[in-house]
Amino acid sequence: MTRLTTFLLLIFTFTSHLTEVLAFPAYGSLAGLSEEELAMIIPTLEIRKGPPPDIHAKPDNIGVPVLVNDADHPFVPPGPDDIRGPCPGLNTLANHGVLLTPRRSGIPKEIVDAVMTGFNMGADIAALVVYAAHLGDGNLLTDKLSIGGERDGSRGLNFHGTFEGDAFFGDNHSFNETLFQKMQAEADPIFDTFNIRSAATHRFKRINDGIKGNPKFAFNHIRYPAGYAESVFTYLLFRHPWTPLPAVKMDVIRTFFEDGKMPDGFHRAPLPIGMLEIAAEVVALWAQYPVVLPGHNVDGINTYRIDLTSPSLITWCWIYGDYIQNTVLKLYPNPTGELRSALKRNLVFFHLPFGEVGCPPLFPYGLPLSEDEGLMDQAEVKGVVDQTQAPVSSGWYSGYSGRVWDSLVRTMTRWA
């Protein structure tokens with residue numbers, strides 16, 4: 001009887017695991033899965049090689065505010081199968097059909113195009129954010145990224161620690177009235193608007209809430225620049241284009257955050273808001289409270305320690321290299337076959353906006369040697385330290401262009 005019970009239990013466990021594998025969604029991330037899990041899941045996927053983003057793309061009618069909440073993009077409330085994500089902008093674009101997302105998943109290039117169409121986010125910063133999210137939370141083989149995830153067990157933008165993280169600026173998985181009231185408290189008392197001062201104060205208080213209330217609070221590596229970027233997105237992307245200064249009425253912010261809905265007559269910004277514009281605004285916001293440096297609680301609450309290995313705000317090459325080292329390589333330590341090729345391809349796409357500001361590319365999984373792997377012009381890789389044959393666990397990253405990494409570490413150490 002005992003042997004029979006054990007046998008039946010093994011059969012049940014195997015069948016349950018097999019069912020989960022066969023039901024693995026196309027938008028479910030492969031990040032962090034074991035080699036055994038990957039070996040079972042990958043053969044069930046329909047592999048798709050996504051197109052590269054055009055980081056020099058410009059929207060139609062540049063220089064003119066364009067009506068987005070129009071007859072072609074009416075608000076449609078999310079259905080029972082639609083998963084809410086942590087980004088109110090993406091939720092809103094999905095609800096208005098600017099982002100066509102079955103079960104709230106799309107290919108990265110579609111998401112890049114959607115945020116350009118809906119908010120006139122610059123193609124460069126859009127590609128940076130979307131492909132960082134795709135590498136951390138997307139399915140690189142099917143080229144699908146869920147703007148939510150987790151409800152069905154799949155990993156998407158709702159997964160804590162990559163796109164969504166500590167001291168999140170607004171609501172993460174669902175609308176949080178208590179947190180929104182904290183935003184409301186920082187609004188301009190006369191005009192009831194949220195501006196750079198409001199965002200800076202709210203950001204500072206959210207960080208302090210984390211330090212005092214979360215023993216494992218971390219605000220370093222990609223989360224540090226991303227945390228400040230999300231702060232400025234709120235009043236730059238959701239603002240009325242005819243507002244003389246960047247500011248958004250609080251009832252408009254509530255509409256975006258709570259309902260995922262554009263206000264009536266919403267027009268996008270007349271000019272693209274790209275990397276340089278975001279960088280300038282981020283520095284200006286940080287300067288309101290210039291005491292917060294990247295770090296984490298090391299031994300419970302109120303033990304925040306500065307992390308000198310973490311990139312600062314607009315150190316683009318540092319941010320790029322650090323994300324590969326501390327996120328991508330940890331999620332995919334030893335990929336093979338199609339997955340390794342997909343990583344090469346998407347890392348090429350991820351590098352495109354960084355290449356525009358002079359960052360040399362990194363190839364932790366080997367040079368992209370075919371079109372399927374996002375083949376780069378050899379002029380782009382000339383002079384780059386060849387790490388292609390080194391095991392990804394061998395500390396190759398310490399050799400990444402000393403003129404970028406080591407000099408920045410020394411500079412930050414002196415500054416701190």
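Trainee: What share of the 416 residues in the chain is buried?

Mentor: This is a predicted model, in which local features need pLDDT of at least 70, side-chain atom pairs count only at pLDDT 80 or more, and totals for chains, interfaces and linings use all residues. Residues are numbered from 1 along each chain as its sequence is written, and side-chain values use heavy atoms, with hydrogens and water left out. Buried means under 20% relative accessible area, exposed over 50%, and partly exposed in between (1.4 Å probe, protein chains only). Of the 416 residues in the chain, the buried share is 51%.

Trainee: How many helices and strands does the chain have?

Mentor: Both are DSSP runs, numbered from the N terminus: helices are H or I with at least four residues, strands are E with at least two. The count for the chain is 14 helices and nine strands.

Trainee: What part of the contacts with a separation of 6 or more comes from residues 24 or more positions apart?

Mentor: Contact means heavy atoms within 4.5 Å. Among contacts with a separation of 6 or more, residues 24 or more positions apart account for 70%.

Trainee: In what order do the three strands of the open sheet lie?

Mentor: Strands of a sheet pair through backbone hydrogen bonds, either parallel or antiparallel. Here the pairing is antiparallel; two strands pair if DSSP finds at least two bridges between them. β5 (218-219) and β9 (304-306) are the edge strands, each pairing on one side only. The order is β5-β8-β9.

Trainee: What is phi of asparagine 302?

Mentor: Asparagine 302 sits in the loop between β8 and β9. Its phi is positive, in a residue other than glycine, and is near 60°.

Trainee: Is asparagine 61 buried or exposed?

Mentor: Asparagine 61 is in the loop between α2 (35-41) and β1 (66-67). Its phi is also positive, near 55°. With a relative accessible area of 54%, asparagine 61 is exposed.

Trainee: How many salt bridges does the structure hold?

Mentor: Side chains of opposite charge can pair when their charged atoms come close. A salt bridge is a side-chain nitrogen of Lys or Arg within 4 Å of a carboxyl oxygen of Asp or Glu. The structure holds eight.

Trainee: Why does the salt bridge of arginine 254 and glutamate 177 tie together parts that are apart in sequence?

Mentor: The closest N and O atoms of arginine 254 and glutamate 177 are 2.9 Å apart. Arginine 254 lies in helix α9 (residues 250-259) and glutamate 177 in helix α6 (residues 177-185), so the pair ties together parts 77 residues apart in sequence. Arginine 254 is partly exposed at 24% relative accessibility, and glutamate 177 is partly exposed at 35%. A network of salt bridges links Glu177, Arg254 and Glu258.

Trainee: Which residue forms a salt bridge with lysine 182?

Mentor: The closest N and O atoms of this pair are 3.4 Å apart. Lysine 182 is partly exposed at 39% relative accessibility. The partner is aspartate 209.

Trainee: Are arginine 203 and glutamate 230 buried or exposed?

Mentor: Their side chains meet in a salt bridge at 3.0 Å, N to O. The pair links distant parts of the chain, with arginine 203 in helix α7 and glutamate 230 in helix α8 (residues 223-237), 27 residues apart. Both arginine 203 and glutamate 230 are buried.

Trainee: Which residues beyond its neighbours within four places in sequence does glutamate 373 contact?

Mentor: Glutamate 373 is in the loop between α12 (337-355) and α13 (378-381). At 11% relative accessibility, glutamate 373 counts as buried. Its C-alpha atom is 8.0 Å from that of asparagine 346, 27 residues apart along the chain. Its contacts beyond those neighbours are Ser341, Lys344, Arg345, Val348, Leu367 and Pro368.

Trainee: Which residues are closest to the centre of the second largest cavity?

Mentor: A cavity is a set of points on a 1 Å grid over the protein atoms alone where a 1.4 Å probe fits but cannot get out; lining residues have an atom within 4 Å of a point. Of its 14 lining residues, the closest to the centre are Arg48, Lys49, Leu140, Ala342 and Arg345.

Methods. On a 1 Å grid over the protein atoms alone, a cavity is a set of points where a 1.4 Å probe fits but cannot get out, and a pocket is an open set with protein on both sides within 12 Å along at least five of seven lines; lining residues have an atom within 4 Å of a point.
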